[in-house]
Amino acid sequence: MSTETPEQRLAALGLTLPPVPKPLGTYVPYRIEGGFLYTSGQGPRGHEGVALRGKVPSEVGIEAGYAAARAVGLNLLATAAEAVGGLHRLKAVKVLGMVNADPDFEDHPKVINGCSDLFVAVLGENGRHARSAVGMGSLPGRIPVEIEAIFRILD
């Protein structure tokens, strides 16, 4: 069993947690209830705003969608770490990944794997989670993915 901390794994990947995105509406970025942390859905936005827009796969390829889902995963980890005081206090429980998909697209899981793979790479076994990966007719701002997560808060 690895003795690396999630923070060390994150650094080994060459990543740092971004600033927590501010809500774009009348909601909070997370809620803690009964030992669980529920995050609001997030899209692939960074310091400069949304970098990628469009439907998968006609406007955004599967690989670019995967990268967008990975970026969302990093934002979710930043939000969760800020909420509970560090990555070491997180155990992923459930992920809901929504893909802005063309009507005949069938590979939603390949896109949302970007987030799931990041959670496992950073959190180790605590990153493994139940998941839904579904297609949507549209998403806010034409973002290619929106993802929300539920974490158990560890002592």
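Reader: What makes β2 and β7 a pair of strands?

Author: Two strands pair if DSSP finds at least two bridges between them, and in this predicted model three bridges join β2 to β7, which run antiparallel, so β2 and β7 meet the definition. Within β7, Ile150 is the residue opposite Tyr38. Strands here are DSSP runs of E with at least two residues, numbered from the N terminus, while helices are runs of H or I with at least four.

Reader: How do you know that β1 and β2 pair?

Author: Strand β1 (residues 30-33) and β2 share four bridges in the antiparallel sense, and Tyr30 has Thr39 in β2 as its bridge partner. Two residues lie between the strands of this hairpin, where Gly34 takes a positive phi near 55 degrees.

Reader: What makes a set of residues a nonpolar core?

Author: The set must consist of buried Ala, Val, Leu, Ile, Met, Phe, Trp, Tyr and Cys residues joined through side-chain atoms within 4.5 Å. The largest such core has 34 residues, and Leu77, Leu90, Phe119 and Phe151 have the most contacts inside it. Its largest share, ten residues, comes from α2.

Author: Residues are numbered from 1 along each chain as its sequence is written. Local features need pLDDT of at least 70, side-chain atom pairs count only at pLDDT 80 or more, totals for chains, interfaces and linings use all residues, and side-chain values use heavy atoms, with hydrogens and water left out.

Methods
Buried < 20%, exposed > 50% of the residue type's maximum accessible area, 1.4 Å probe, protein only.
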